[in-house]
Amino acid sequence: MKRRYTISVFTEDMVGLLNRVTIIFTRRKINIHSIAASESEVPNVHRYTIVIEEHEDTVKKIVLQLEKQVEIIKAFYHLDEEIVYQEIALYKVPTDVLAAGKEAEKIVRAHYARVLSVESQFTVIEKTGQKEETQALFNELKPFGILEFVRSGRIAITKPMRTLTAIVEELESEIKQN
Amino acid sequence: MKTVELQNEVFAQKPTQTMSGAQAVVQALIDEGTDLLFGYPGGAIMPVYDALYDVEDRLNHVLTRHEQGATHAAQGYARATGKVGVCIATSGPGATNLITGIADAQIDSTPLVCITGQVHSHLLGTDAFQETDVVGISMPVTKWNFQVTKAEEIPMAIAKAFYIARSGRPGPVLVDITKDAQFEQLEYSQYSFKGLRSYQPKSKLNMQKVAEAAELINAAKKPFVLFGQGVLLSQAEEAFKAFIEKAGIPSAWTIMGASALDSDHYLNVGMLGMHGNYAPNKLTNECDVLIAVGMRFDDRVTGDLSRYAKQAKVVHLEIDPAEIDKNVKTDVAVLGDAKEALLALTGLVDENKHESWLAEFRKLEQEEFAMVVKDELTPSSKELTMGEVMRTINQCTDGQAIVVTDVGQHQMIACRYAKFKQSKSLITSGGLGTMGFCLPAAIGAKMGHPNREVVAVIGDGGFQMTIQELGTIFQSKTPVKIVVLNNEFLGMVRQWQDLFFDKRYASTTMVNPDFQTIVKGYHIQTREVRERSELESAVKEMLNSTESFFLEVKVGREKNVFPMVPTGASVSEIRLK
């Protein structure tokens, strides 16, 4: 059965590495639902969070093929219940619909969304949550006219307690012993 | 050398001297022990060629006639010697012409360092003359690649390239160097890589797993070993032999593992796969414990996976974690270097003979001999067979030659019938099946082993894919012995058309030129054989020559290679006719 998996990839900071990562998916014709990449808590180590829908058997093989890449330090895969994850969404709406007492303002409050910026023409609202939550706000704001909308890829923290710092330290001590 | 620790890399460094980036490339190659490289010059790599001119006495550059030839020659060298093959090309078309050879090296785990020139760094991304994104293009087919835009990056990039190419499961790497980086001056230091935190070339042996493997093997009534190139790559030939001899296990090889065990060894039960031997294919589905050593269960070896060795417990000795359970589910996986694993395992297995099990192989071997082998090696028909040519080569070389093959029917015949008494004696394009591989690969093999006879066995199709490398043979005076088995067909495709496409021979008939005349044009001695009576004397004449020699044998046009496991069939459904 295909299920949603979140793959966390820890890499060295190197030009072109994202390409090496996506190639592993492309060659199996697997669509990447979302991808987020940024520096991790360890300096010069980057963390990619990739969401795909696949059979676990395939995901396992992908993770091994990711780890096989020289500059990939570690890769892990998790089901949704094994991680805490969020996305961020930004909504640009006409400012006048948010005027006091109007329906739109109630919706923003009900969704615990935040107003980031108010301009005479438009207002930018931010909502952090899981896709269903950011989508729910989108659906409710839509009748008022959404001028622009953007949603980030998923970022995720895993529930197991082993830290990246510990993993990196272990790997570094191994090569120093050689 | 002093050891330096960066954040993510540990390496040793020698004191510095000032030189250009191009000189640094050449110096780094020499520092890595390179004395031979294959390549083709062009605009963006000219500074490096200029630097090579100064070190011709120490670093022999062989000018191939096409960049693809340079990669295959470097592969042939690497496969014959176990050292890293090096090739060099210019940017743009020079770089893209390397790709086939790099892909071949990637799938066949061949250590290769490829150096390409690139346009000036300020022109990157501008569609400059002969600019191509070779780092992007080669990414799916390299173990690692890197673009150098500053001269100071060169020493470390080259050292890292060699370290990655040769360590763990070997593979091809590519270093792309912009022309301005080749001109720029730098303070050169020799680097020697000890490790990267993101890269574990091989796992530490897990003795618990070794013990579990030994337990399965000791309880087995019908154990069966499959071995691949891992045995050759880890120089585990002796350890392997000691293991199978102690445990008394019949052993079959993938074409990449050929020659790791003497052809005539009593436990060598032959070749696996689509055109492999009858017994090992059939009995894969009868064994109770299957022990795979340094092989990757390629689909040409396994046939239909859903009916592959389902009755057996599977033990997999493998260096690459990504190969475990990739195609065949393993009961016990022993990760690590094949030699280390075999040495440890041999200590734990019981002495055994498995005579009645071995006799089952012998029985099927006789069936195959009667139905296929006899007529292939000693044909009753007037037409010459590829098999009898291989038999004659075996006789005349006493199994001491390095046999290099191209791809197709002749390849399967050569793999099936060549006899080996030395390791690293079969060089063939296994995973990628690259026609045109043979002629340049044979050049590299001969240069790596000048004292061994190198016989290139090629079909008339593949010969014409890299025929221009005759020029390399002539210019470099490399005494390669070339045997073209000419059936005036693209034989393997024709065989499939015969068996599976109602004999509709779409574009498989070859109208060939007069090869004798062409080869003579390169001043290489030639001989043509049409009659059986001439075969042995012709092979002897070829082998007795101290120079390169071209032997063309006109063989039967529409012969098929058997046995055969048709696509989609199980290995035990192997057909003898």
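User: Which residues have the most contacts inside the largest nonpolar core?
Analyst: The largest nonpolar core has 187 residues, and those with the most contacts inside it are B:V25, B:C87, B:I154, B:F240, B:V293 and B:A456. A nonpolar core here is a set of buried Ala, Val, Leu, Ile, Met, Phe, Trp, Tyr and Cys residues joined through C-beta atoms within 7 Å, and a residue is buried if 20 or more other C-beta atoms, placed from the backbone, lie within 10 Å of its own. This is a predicted model, in which local features need pLDDT of at least 70 and side-chain atom pairs count only at pLDDT 80 or more, while totals for chains, interfaces and linings use all residues. Residues are numbered from 1 along each chain as its sequence is written, and chains are lettered from A in the order in which they are written.

User: And which helix gives the most to this core?
Analyst: Helix α7 of chain B, residues 154-166, gives the most, with 9 residues; helices are DSSP runs of H or I with at least four residues, strands are runs of E with at least two, and both are numbered from the N terminus.

User: What is B:F240 in contact with, leaving aside its neighbours within four places in sequence?
Analyst: B:F240 is in contact with B:F227, B:V231, B:A260, B:L261, B:V293 and B:L342, where contact means that the C-beta atoms, placed from the backbone, lie within 7 Å.

User: Switching to sheets, what is the strand order in the open sheet of 6 strands in chain B?
Analyst: The order is β14-β13-β12-β15-β16-β17, with parallel pairing, and two strands pair if DSSP finds at least two bridges between them. β14 (268-271) and β17 stand at the edges with a single partner strand each, so one side of each is left without a neighbour in the sheet. Neighbouring strands are turned by 20° against each other on average, direction ignored.

User: What about chain A, which strands are in its open sheet of 4?
Analyst: The order there is β2-β3-β1-β4, with antiparallel pairing, and the edge strands are β2 (34-39) and β4, each of which pairs on one side only. The twist averages 15° from one strand to the next. Helix α2(A) packs on this sheet, touching β1, β3 (45-54) and β4, and its direction makes about 165° with that of β4(A); axes are lines fitted to C-alpha atoms, for helices over the stretch in contact, and angles run from 0 to 180 degrees between N-to-C directions.

User: How many bridges join β1 to β4 in chain A?
Analyst: There are 7 bridges between β1 (residues 3-12) and β4(A), which run antiparallel, and the bridge partner of A:I7 in β4(A) is A:Y77.

User: How many residues does the contact take from chain A and from chain B?
Analyst: The contact takes 21 residues from chain A and 20 residues from chain B. On the side of chain A that touches chain B, α5(A) gives the most, with 5 residues.

How values were computed. Contact = placed C-beta atoms within 7 Å. Buried ≥ 20, exposed ≤ 12 C-beta atoms within 10 Å, placed from the backbone.
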